[in-house]
Amino acid sequence: MIKKNLSLQLRNYGLLFICFFLTIQAMAQTAAIRGTVKDANGLPMAGASVMLDGTKRGTISDASGNYELKVAPGNYTLVVSYVGVITQRKQITVAPGSVSENNFDMQNSGDLNRVIVVGSRSAATRSSTQTPVPVDVITSRELNLTGQVEPTQMINFVAPSYNSSRQTVADGTDHIDPATIRGLGPDQTLVLVNGKRRYNTALLNVNGTIGRGSVGTDLNAIPAASIERVEVLRDGASSQYGSDAIAGVINIVTKKSSTGTTLYAHWGKQYAGDGEVQQIGLNKGMRLGKKGGYFNISGDIRRRDPTNRSGDYTGTVYTSDVPLDEQIIAQRGFSRKNNMHIGNSRVNNYGVLVNMGYPFKKNLQFLLTAGYNYRDGKAAGFYRYPKQTSQVIAELYPDGFLPEVNSIIRDKYITGGLEGKLGNNWNWDISQAIGGNTFRFDVTNSNNASQFALKETAPTDFYAGKLLFRQYTTNVNISRDFGEQIGLKSFNLAAGAEYRTDNYSIEAGEEASYLNYAPSSGKVGGAQVFPGFQPANAVDEKRDVLGGYVDIETDISEKLLLNAAGRYEHYDDYGSSLAGKFAFRYQFFTQLAVRGAVSNGFRAPSMHQRYFSAISTVFIQTSSGLQPFQQGTFRNNSLVAQAFGIPSLDAETSTNYSIGLTSKLAKNKVSITVDGYLIDIDERIVLSSSFRRFGAPESPAVDNILSQYPELNDVSAVIFFTNAIDTRTEGIDAVISFADKLGNGQLAVTAAANFNKTTVQGEADVSTITDPALQARLFARDEKGRVEEAQPRHKISINFNYRVSKLTFNVRSTRFGKVATRDPGNPALDEFFSPKTVTDASISYKLANFANITIGANNLADTYPDKLKNFGNTGEGRFVYSRNATQFGFNGGYYYTSLVFELHNLKFNTKEQVSKAAPTVPMMEVQQ
């Protein structure tokens with residue numbers, strides 16, 4: 001075992017050591033390319049992309065429109081692009097030790113497309129409308145214009161097919177937001193950072209939230225100040241990037257500027273007076289050496305106070321005798337208001353990210369991305385009332401208590417590698433990524449009711465255990481364009497291999513957090529709200545994944561683009577899979593093109609879905625309302641799962657189809673894209689419905705099985721992971737964009753929409769489950785409703801942005817479609833929530849060449865979702881809004897102000913220079 005671990009460490013760190021060694025040994029001559037980018041009005045253009053064609057090297061212009069790139073001597077093609085202007089190319093030759101001056105005067109086009117990376121392995125420069133599949137490209141300035149401070153929420157309001165809303169009363173999921181594309185699961189979207197696979201969180205969503213039973217990737221662990229742009233590939237890409245990319249791929253591209261210092265500050269608060277948010281962000285670029293290297297560091301500090309939208313409790317508190325209870329309530333001064341904490345959790349987040357590149361020479365560069373993020377949070381569960389004698393120590397809490405779940409979440413990651421060219425023909429890169437997430441649970445303001453003998457001296461705080469997930473990924477890629485040799489515009493051949501090790505572990509909590517010290521007393525053992533992980537839950541497992549791919553992309557003619565890819569992956573615990581993809585784009589004429597793709601995918605069960613087990617306290621809807629259950633989550637291969645007859649866990653497979661149109665009209669001032677899609681997923685991995693021991697049709701069978709295990713005496717419900725369903729997701733994405741001069745300014749309008757529907761097409765073979773009541777409960781109507789109706793069926797947004805002189809005006813309205821929740825057994829308790837529209841508005845003003853202020857409001861009209869209508873769903877009045885089906889949250893309006901300081905521009909300028917300074921916040925578009 002020691003030798004195996006040593007070998008693993010040598011593999012993971014050896015490449016990084018070699019890369020660093022080469023960096024400090026490198027010597028080469030240097031040269032520079034610099035200049036100024038101006039808009040059609042002759043004003044400096046901030047944020048223009050300046051790239052060396054055929055490479056990943058480049059920079060962005062600063063607030064004065066200036067840019068500079070350190071390069072090795074040689075011939076280059078500069079590509080300068082920006083939203084709403086015509087992309088310019090210029091061929092240049094740079095002599096040793098010289099500085100090549102290249103200025104660009106950009107002209108308006110209305111073509112709102114940017115150069116993209118994700119979805120294509122070709123070195124050819126393509127905009128997002130020139131790819132065979134749809135891609136959203138969202139810049140950092142567009143993200144900042146949302147008025148949000150967390151990346152998940154930023155993307156939510158600019159990408160039509162992306163959905164994320166904060167959860168409440170959901171244990172760990174209060175602190176990490178689940179996010180989805182096209183209404184599928186969080187674990188069916190692959191996340192990349194600078195084109196390299198990002199690890200998942202250690203947290204498994206096991207409560208009644210969006211993404212129940214899945215594992216996502218925590219985008220909020222990436223400092224917002226570090227993000228240059230976000231690319232959202234909305235198509236199946238398993239054949240290109242591997243397992244998990246069933247719904248699509250999100251690629252976070254971090255900043256790599258070698259100059260400038262930018263400081264971000266944000267303050268805001270909900271209209272209701274709570275939920276104050278404070279943020280400080282910093283990005284600084286520095287030159288590394290004298291050969292065009294860069295060292296870019298970003299930091300982010302976020303503080304979010306909790307919100308509370310709970311209702312007044314209407315049930316009994318001390319006794320079931322209502323008159324007596326009212327009398328005791330009056331005597332004790334108990335308040336029925338705000339018994340619960342229903343809203344955003346309290347979160348403090350601190351993150352740092354470093355992105356660097358060092359060219360040894362023209363065709364060899366070292367790249368490194370590394371970061372650390374720390375987050376602590378506090379959320380609450382259900383209030384424990386004195387009448388709940390099996391859960392409350394009366395001497396300790398005579399009036400009951402609201403237990404709290406505290407989290408400490410850490411992320412550490414580093415990716416290092418080399419990229420270059422062999423013989424000026426073959427592009428290659430090799431990288432090693434090491435990253436992981438830990439999630440520590442602490443319970444406060446609680447008790448272990450089985451310690452009742454200790455009375456008021458019983459402990460109230462408990463360490464409940466820790467989750468950990470690590471990932472080690474070695475990646476090699478090569479590519480070459482053979483187009484010139486075979487007489488085509490392009491024929492790019494790419495191939496690569498990946499070796500990945502996943503490591504998942506659970507650490508048990510302290511004894512008092514899980515143990516029942518008096519099993520025959522009728523008292524519930526373990527910390528109330530979140531019983532700790534037990535030694536039986538503890539696990540430390542690894543698996544290896546080996547994959548390889550081939551990708552061909554070719555411009556057969558000026559009108560026809562074809563792409564084909566195939567990927568083989570082998571999991572040492574689940575066997576092998578083969579995924580393929582074919583895509584095309586055909587330009588009928590200048591104003592119209594058609595594109596489409598067909599692909600298949602594969603997703604093995606995550607390590608979490610295989611090895612997670614726990615006993616937790618959940619509140620389940622019954623005929624008597626919301627009732628507490630000690631619910632056990634058991635591994636699919638456990639003895640308990642076998643006793644129930646749960647089928648063995650297997651991989652899920654998918655087939656994706658898409659077809660779309662792109663059009664440019666009015667001299668490229670109007671861009672229209674429409675893409676339809678259909679995604680079939682077979683044997684989809686889900687968490688089963690809860691098999692209840694009491695008060696349900698399946699209860700006799702459940703009790704009969706659990707009675708065989710005396711150690712499960714406290715357990716009153718059980719759930720399992722299983723391949724329970726086949727689903728079909730179909731929908732349409734559409735984007736219409738317009739940009740042109742209006743008066744002395746620039747107007748940009750973008751309308752974007754996603755229409756989406758998921759249906760359960762079939763259910764698993766349950767012949768291994770012999771009891772009919774258990775068969776019917778495996779995936780009941782409440783869980784089916786969560787898959788089909790808990791996320792909006794449509795999201796439509798329209799954004800107006802007007803930039804003139806020092807002012808930028810932005811107004812965005814987003815309409816969220818209807819959602820619903822289904823009761824497990826009583827259709828009369830189903831809830832339906834109508835579509836709602838949320839409007840955001842902001843005004844930005846450039847105070848000086850180095851400072852920009854924005855004042856705005858999100859949810860300007862203070863819109864809330866529909867209230868729960870059936871009293872049985874409200875938890876006796878405590879829940880006003882649904883926590884199981886979410887559109888945009890239920891916190892109401894939010895007002896804020898933000899400041900951006902370009903500290904590198906803090907100098908004494910003439911009045912003429914200041915008046916010509918470009919606004920730092922340009923127009924915002926959702927790219928297609």
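Trainee: How many positive and negative side chains does the chain have, and how far apart do the centres of the two sets lie?

Mentor: Lys and Arg count as positive, Asp and Glu as negative, while His and the chain ends are not counted. Each charge is placed at NZ of Lys, CZ of Arg, CG of Asp or CD of Glu. Here there are 94 positive and 85 negative side chains, and the two centres are 8 Å apart. Please note that this is a predicted model, in which local features need pLDDT of at least 70 and side-chain atom pairs count only at pLDDT 80 or more, whereas totals for chains, interfaces and linings use all residues. Residues are numbered from 1 along each chain as its sequence is written, and side-chain values use heavy atoms, leaving out hydrogens and water.

Trainee: What does the radius of gyration say about the chain?

Mentor: The radius is taken over C-alpha atoms, and the globule rule is 2.2 Å times the number of residues to the power 0.38. For 928 residues a compact globule would have a value near 30 Å, and the 28 Å of this chain agrees with that. The C-alpha atoms fill a box of roughly 90 × 60 × 50 Å along the principal axes.

Trainee: Which strands form the open sheet of 5 strands, and in what order?

Mentor: Helices (H or I, at least four residues) and strands (E, at least two) are DSSP runs numbered from the N terminus. Two strands pair if DSSP finds at least two bridges between them. The order in this open sheet is 9-14-15-12-13, with mixed pairing. Strand 9 (135-139) and strand 13 (196-197) are the edges, each pairing on one side only. Strand 9 pairs with strand 14 (residues 227-233) in the antiparallel sense over 5 bridges, and Thr139 stands opposite Arg229 in strand 14.

Trainee: Is Gln528 buried or exposed?

Mentor: A residue is buried under 20% relative accessible area, exposed over 50%, and partly exposed in between (1.4 Å probe, protein chains only). Gln528 counts as buried because its relative accessibility is 1%. In the chain as a whole, buried residues make up 63% of the 928.

Trainee: Where does Gln528 lie, and what is it in contact with?

Mentor: Gln528 lies in the loop between helix 7 (511-514) and strand 25 (539-555). Contact means heavy atoms within 4.5 Å. Leaving aside neighbours within four places in sequence, the contacts of Gln528 include Arg384, Phe401 and Asn447. Gln528 and Ser616 are 88 residues apart in sequence, yet 8.9 Å apart in space, C-alpha to C-alpha.
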